[in-house]
Amino acid sequence: MNKQKFLFNFYYLLVSILGGLIFIYSLLKVNLDFLYLYPLWIVLFVAFEMRPVSLDVKGQVTLGFALNLAILMIYGTWSSIIVTGIGSSMADIIGKRGWQKVIFNSSQYSISLLIAGMVYSKLSPVTEEIFSISQHIIPFVFTAIAFVVINFLLVAVIVSLSFEIALLDVIKMDLGMMVLFLTSLAPLSLLLVILYTSEPFSVILIVPPLALAHKGFENYLKLRKQTRATIEHLADIVDRRDKYTSMHSTRVAVYAERIAKEMGLSYEQVENVSMAGKVHDLGKIGVRDSILLKPKALIDSEVEEMKKHTEIGYYMLQPLEMYKDVLAYVLFHHERMDGKGYPRGLKYNSIPLGARILAVADSFDAMTSDRLYRKAMSEEQAMKELMNNKGTQFDPQVVEAFIKSWKKEKKHRER
Ligand SMILES: [Fe+2]
């Protein structure tokens with residue numbers, strides 16, 4: 001068993017045992033006065049947990065959070081653990097997410113709620129009232145923060161261990177979205193408590209606005225995914241115009257990703273070079289067939305037109321916010337270290353690292369693929385070419401990283 005697998009199993013067991021013990025203890029301490037209302041909360045919780053919203057990395061968030069804190073304030077920590085544990089398990093079982101998830105999710109909720117409950121009971125005054133803004137708002141804020149932080153960390157660690165992504169990268173990538181989502185839901189928790197204190201069944205009134213918020217959030221993320229898929233599909237169609245370059249961008253993205261990983265770049269940077277690789281030649285959409293598919297060497301004016309694909313690609317992607325960090329990679333993927341590249345003739349480190357990575361990945365794929373006017377080189381020959389041109393055309397560090405990643409990949413293929 002490798003170290004990663006061992007750590008995953010150890011962490012999973014630890015959270016599950018802790019969560020399980022907390023759940024069993026909560027069964028003994030649960031507030032039975034309002035037992036008849038628990039099914040209502042469970043049904044609401046299951047409904048929201050059934051439709052999680054996926055974040056950029058592998059994490060997910062659900063609207064169930066708004067209910068967790070409300071239940072905690074109304075019935076106390078133990079009841080919130082029971083309702084949430086049952087609700088989350090039911091949602092995972094109905095959604096056929098596997099036993100591993102059923103156990104981990106309910107366990108991490110139990111731990112987060114126990115700590116949040118400890119914060120709330122420590123900070124809130126002992127009163128007859130369930131909730132009054134003046135007395136409970138500050139304890140509520142700290143409780144919500146404690147719940148979010150613990151919940152987020154417990155999930156981030158399992159994501160980091162199971163997908164082998166550095167923990168800091170998981171936190172950095174999903175934190176913004178998570179904070180936005182949760183800070184907008186915390187006030188809804190308060191609203192639920194206020195509604196409950198006037199009439200318990202009136203909490204149902206919160207369902208339509210919550211469902212609407214969920215739909216809006218889900219649509220926003222769906223739109224982002226669909227936009228990206230459309231652009232990548234378009235880039236693929238451009239590659240297919242020339243049968244010799246079919247799947248070129250997909251392969252460039254794979255090579256670029258391997259280089260970035262070999263160089264130890266962050267998850268976000270690896271994702272970015274891969275994203276840029278898939279669309280780096282999108283601008284060829286603006287190059288005429290007579291040039292793009294010409295079986296002979298291009299004349300000077302045709303070369304100039306061909307070169308424009310970097311700028312066309314840049315202008316096409318510029319309006320899309322999701323590509324803002326990779327625009328420069330697309331624009332400068334034909335720059336050279338010695339300044340003899342295009343479109344700007346940038347030198348050395350003034351060329352963004354992502355563009356230097358794409359240049360190597362792009363050239364390797366071009367050399368190892370057949371073209372109308374020449375046969376493909378062997379991978380070994382292409383490696384020699386990269387080595388011969390490092391320092392002049394290519395970034396030496398990028399070439400070294402590529403060679404290392406290529407050797408690893410070759411070994412893997414031969415196994
Ligand atoms: Fe290109």
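Q: In this predicted model, where does tyrosine 348 lie?
A: The model is predicted. Tyrosine 348 has phi near 35°, a positive value in a residue other than glycine. Its place in the chain is the loop between H14 and H15.

Q: Does tyrosine 348 count as buried, partly exposed or exposed, and why?
A: The relative accessibility of tyrosine 348 is 45%. Buried means under 20%, and exposed means over 50%. Tyrosine 348 therefore counts as partly exposed.

Q: What is the phi of methionine 247, and where does the residue lie?
A: Methionine 247 lies in the loop between H8 and helix H9 (248–262). With 34% relative accessibility, methionine 247 counts as partly exposed. The residue is not a glycine, yet its phi is positive, at about 70°.

Q: Which residues are the protein donors of the iron ion?
A: The donors lie 2.2 to 2.3 Å from the iron ion. Along the chain they follow the spacing D-x27-H-x23-H-H.

Q: What is the arrangement of the four donor atoms around the iron ion, and why?
A: The donor atoms subtend angles of 85 to 176°. A tetrahedral site needs all angles between 85 and 135 degrees. The angles around the iron ion therefore make the arrangement irregular.

Q: How many residues apart are aspartate 281 and histidine 309?
A: Aspartate 281 is in the loop between helix H10 (267–279) and helix H11 (289–292), while histidine 309 is in helix H13 (residues 309–317). The pair links distant parts of the chain, 28 residues apart.

Q: Are aspartate 281 and histidine 309 buried or exposed?
A: Aspartate 281 has 3% relative accessibility. Histidine 309 has a relative accessible area of 1%. The cut-off for buried is under 20%, so both count as buried.

Q: Which helix supplies the largest share of the lining of the second largest pocket?
A: This pocket holds about 1000 Å³ of space. Its lining has 36 residues, and those closest to the centre are Lys284, Met306, His334, Ala366 and Tyr373. Helix H8 (207–241), H11, helix H12 (300–307) and H15 each supply at least two lining residues. The largest share, five residues, comes from H15.

Q: How much space lies in the second largest cavity?
A: The structure holds two cavities of 30 Å³ or more. Lining the second largest cavity are, among them, Glu335, Arg336, Phe394 and Asp395. The space in that cavity is about 30 Å³.

Q: Which residues of helix H16 are buried, and why are they on the same side?
A: Helix H16 spans residues 379–388, and three of its residues are buried: Ala382, Met383 and Leu386. They cover an arc of only 105° around the axis, which puts them on the same side of H16.

Q: Which residues are exposed on the other side of H16?
A: What covers the buried residues of H16 includes helix H15 (353–367) and helix H17 (396–414). The buried residues themselves are Ala382, Met383 and Leu386. Exposed on the other side are Lys384 and Asn388.

Methods:
Residues are numbered from 1 along each chain as its sequence is written. This is a predicted model: local features need pLDDT of at least 70, side-chain atom pairs count only at pLDDT 80 or more; totals for chains, interfaces and linings use all residues. Side-chain values use heavy atoms; hydrogens and water are left out. Buried means under 20% relative accessible area, exposed over 50%, partly exposed in between (1.4 Å probe, protein chains only). Helices (H or I, at least four residues) and strands (E, at least two) are DSSP runs, numbered from the N terminus. The arc is that of the directions from the helix axis to the C-beta atoms. Contact means heavy atoms within 4.5 Å. Donors are N, O and S atoms within 2.8 Å of the metal (3.2 Å for Na, K and Ca); water is not among the atoms, so sites may look incomplete. Four donors count as tetrahedral if all angles lie between 85 and 135 degrees; four count as square planar and six as octahedral if opposite donors are over 155 degrees apart and all others between 65 and 115; anything else is irregular. On a 1 Å grid over the protein atoms alone, a cavity is a set of points where a 1.4 Å probe fits but cannot get out, and a pocket is an open set with protein on both sides within 12 Å along at least five of seven lines; lining residues have an atom within 4 Å of a point. Grid points are joined across faces, edges and corners, and a volume is the space filled by probe spheres set on the points.
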